[in-house]
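My notes follow in the order I looked things up.

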Amino acid sequence: MGLYGLFKPEWIAQITRLQATAPEGRSEFRASFAGLFFALHTVVAILLLTRNSCADVSAATVGAGWLGACFGRGLSFVYDDAYTRLNRYNLLLEAFVGLCLITPVLF
């Protein structure tokens with residue numbers, strides 16, 4: 001998702017339902033929505049594959065980030081009246097990814 005978004009920021013804009021009205025906006029899509037996710041997940045994957053001692057902490061850190069996004073989206077359901085089909089799907093995806101990354105560290 002992050003890698004694809006680096007080269008297709010308009011796809012990120014469509015998914016997030018946001019618009020970039022200036023070149024800085026497209027840059028933000030590439031940086032925050034694509035590059036950040038791509039780099040974090042790539043680093044975690046490499047650490048997990050090499051089984052460094054910090055791999056579990058790295059996976060848990062990224063997992064906590066995904067669970068934080070899930071929590072924020074859930075709050076948005078209540079405070080922003082944002083209980084939509086797309087947001088429900090995104091909440092489930094964020095919860096799934098977050099739990100997959102953090103559960104092995106906790107148990």
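Entry 1, overall build. I counted the secondary structure and got five helices and zero strands. Reading along the sequence, I wrote the pattern down as α-α-α-α-α. I'm keeping in mind that this is a predicted model. The C-alpha trace spans about 45 × 35 × 15 Å along its principal axes. Of the 107 residues in the protein, 27% are buried. I also looked at contacts with a separation of 6 or more, and 46% of them join residues 24 or more positions apart.

Entry 2, H2 against H3. For two packed helices I want the angle between the axes and the distance between them. How do the axes of H2 and H3 cross? H2 covers residues 9–16 and H3 covers residues 23–50; their axes come within 9 Å and cross at roughly 80°. The range for roughly perpendicular is 65 to 115 degrees, so H2 and H3 count as roughly perpendicular to each other.

Next I listed who touches whom. From H2 I have Pro9, Glu10, Ile12, Ala13 and Thr16, and on the H3 side they meet Arg26, Phe29, Arg30 and Phe33. Sorted by type, the residues of this contact are five nonpolar, one polar and three charged.

What does Arg30 contact once its neighbours within four places in sequence are left aside? I found Gly5, Leu6, Phe7, Pro9 and Gly35. I also checked Arg30 against Lys8: they are 22 residues apart along the chain, and their C-alpha atoms are separated by 8.2 Å.

Entry 4, the loop between H2 and H3. I went through the backbone angles here, since most residues other than glycine have a negative phi. Arg17 is found in this loop, and its phi is positive, near 60°, though it is not a glycine. Is Arg17 buried or exposed? Arg17 has 63% relative accessibility, and the cut-off for exposed is over 50%, so Arg17 counts as exposed.

Helix H4 runs over 55–79 and helix H5 over 85–106, and Asp81 lies in the loop between them. Asp81 isn't a glycine either, yet I read a positive phi of about 55° for it. Asp81 is exposed, with a relative accessible area of 70%.

Entry 6, aromatic rings. I counted four aromatic pairs. One of them is Tyr4 with Trp11, which is edge-to-face, 5.0 Å centre to centre with 85° between the planes. Both partners came out as partly exposed: Tyr4 has a relative accessible area of 45%, and Trp11 has 26%.

Then I looked at Phe77 and Tyr83. Their ring centres are 5.0 Å apart and their planes are at 85°, so this pair is edge-to-face.

Which residue has its charged end over the ring of Tyr83? I found Arg88 there, with its charged end 4.7 Å from the ring centre. So my notes on Tyr83 hold the edge-to-face pair with Phe77 and the charge of Arg88 over the ring.

Technical notes. Residues are numbered from 1 along each chain as its sequence is written. This is a predicted model: local features need pLDDT of at least 70, side-chain atom pairs count only at pLDDT 80 or more; totals for chains, interfaces and linings use all residues. Side-chain values use heavy atoms; hydrogens and water are left out. Axes are lines fitted to C-alpha atoms, for helices over the stretch in contact, and angles run from 0 to 180 degrees between N-to-C directions. Angles under 35 degrees count as roughly parallel, over 145 as roughly antiparallel, 65 to 115 as roughly perpendicular and the rest as oblique. Contact means heavy atoms within 4.5 Å. Ala, Val, Leu, Ile, Met, Phe, Trp, Tyr, Cys and Pro count as nonpolar, Asp, Glu, Lys and Arg as charged, and the others, Gly among them, as polar. Rings of Phe, Tyr and Trp (its six-membered ring) pair if their centres lie within 6.5 Å; planes under 30 degrees apart count as stacked, over 60 as edge-to-face and the rest as tilted. Buried means under 20% relative accessible area, exposed over 50%, partly exposed in between (1.4 Å probe, protein chains only). A charge sits over a ring if NZ of Lys or CZ of Arg is within 6 Å of the ring centre and within 35 degrees of the ring normal.
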